[in-house]
Amino acid sequence: MSQFESDLLRLLDERGYIHQQTDAEGLDALAQKQVIPGYIGFDATAPSLHVGSLVQIMMLRRLQQAGHKPIVVMGGGTTKIGDPSGKDESRKLLTSELIDENIAGIRKVFERLLTFGDGPTDAVMVNNDEWLSELGYIELLRDVGPHFTVNRMLTFDSVKLRLEREQPLTFLEFNYMILQAYDFLELARRYDCRLQMGGSDQWGNIVNGMELARRMEGRELFGVTTPLLTTADGAKMGKTAAGAVWLNEEQLPSYDFWQYWRNADDRDVGRFLRLFTDLPLDEIAHIESLEGADINQAKIVLANEVTKLVRGEEAARSAEATAAQTFGAGGAGEDLPTLAVGDEGMRIGAVLTGIGFTASNGEAKRKLAEGAVKLDGETVSEPGHLVEIASGDEVKISLGKKKHGILTR
């Protein structure tokens, strides 16, 4: 039973999103009285976000489901600088054109998960470059600078950790927290935004923004952070040995996205269903109680529900059908990755790297030596093996039990 009275905080609490809050009682009371515009900021460093950002996107979805207004802030301005939080080194700087392209790619996933429009609870997407690029340096120093002390800035984890590791922290990045604090103030002015949400690593940045708005304009703002999300075995969400689990189809096929959730640790299934799906809590409680072979069915439910939300109904259906064919009937489904080996054929090591199963020829050799590689069900262990395919034929390649693909000529 949740301790909160507002639909908003009850929903966030019951589904496991709340880690820290600045004034839980005040926000709970406000959420019962009025529509609260709330925001989360996202960097535009790539043409897609990955699974590590999905908990934040779902938080905005919950905000809207509870009758409030989500503001998606794309960091077109701050991406030009780079957030030092959790980073050991400076980020590569991007051009304005590339940042705009990335924002266009990122918007796709938000359009699936949020309802955009002009209504009081409709979502809006804004770019902080709109106001940050207009901000004069002297004006920033004079109006905003006096509210920050270097002593306090040095205590924030994003700065402290970098300095402790003796990694360079540029003056450019040092300014990031000031600009993010200014974002909160500007959003309060433009949209009456009262709430900023984010991962636990953003706590310092959120509090900075609240303090700035209070000191400069006497505004009362609120902050909520989510727990740092890791899998049951301690790995960071959204990262696998094969690379990032991208939310957009262009960066990662839907079958691979579906498989990521299907392969979740048994211990994570209930938590992931609460965070990343809209299934009712009583249904999730039942699924969570399943044991033995039934837990595999629970993982298929998880994979289907998340894929449906992020990629659409058809993508989920297709991925499940491919999995059933690949694993159930020993066949090969339509969604599997494919690689053409050409008329001359291709060495098995190059095939494994080319189709994306291994990151290097060295890793391919190790997998072959372990007996983990099969062509049409037959184990191949010789790195020099030449894969040749007759015209019109196709061969199924497998690495272990979970990676499968199709080779063509």
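Here are a few notes on a sheet and some salt bridges in this structure.

1. Before you dig in: this is a predicted model, where local features need pLDDT of at least 70, side-chain atom pairs count only at pLDDT 80 or more, and totals for chains, interfaces and linings use all residues. Residues are numbered from 1 along each chain as its sequence is written, and side-chain values use heavy atoms, with hydrogens and water left out.

2. Start with the sheet. Five strands form an open sheet with mixed pairing, in the order β9-β15-β14-β11-β12. At its edges sit β9 (338–340) and β12 (378–379), each pairing on one side only. On terms, helices (H or I, at least four residues) and strands (E, at least two) are DSSP runs, numbered from the N terminus, and two strands pair if DSSP finds at least two bridges between them.

3. Now look inside that sheet. Strands β14 (residues 394–399) and β15 (residues 403–408) run antiparallel, joined by six bridges. Val395 stands opposite Leu407 in β15. As background, strands of a sheet pair through backbone hydrogen bonds, either parallel or antiparallel.

4. On to charges. You'll find 22 salt bridges in the structure, a salt bridge being a side-chain nitrogen of Lys or Arg within 4 Å of a carboxyl oxygen of Asp or Glu. One of them links Glu111 with Arg107, with the closest N and O atoms 2.6 Å apart. Both belong to helix α4 (residues 96–113), and since they are four residues apart, about one helical turn separates them.

5. How open is that pair? Glu111 is partly exposed at 45% relative accessible area, and Arg107 is partly exposed too, at 29%. The cut-offs here: buried means under 20% relative accessible area, exposed over 50%, and partly exposed in between (1.4 Å probe, protein chains only).

6. Helix α10 (residues 176–191) has a pair to check as well: Glu186 and Arg189 lie three residues apart in it, about one turn of the helix. Their salt bridge has its closest N and O atoms 3.3 Å apart. Glu186 is buried, with 9% relative accessibility, whereas Arg189 is partly exposed at 34%.

7. Asp268 and Arg271 bring their side chains together in a salt bridge of 2.9 Å, N to O. Asp268 is buried at 3% relative accessible area, while Arg271 is partly exposed at 27%. Finally, salt bridges that share partners tie Glu130, Glu186, Arg189, Arg190, Glu217 and Arg219 into one network.
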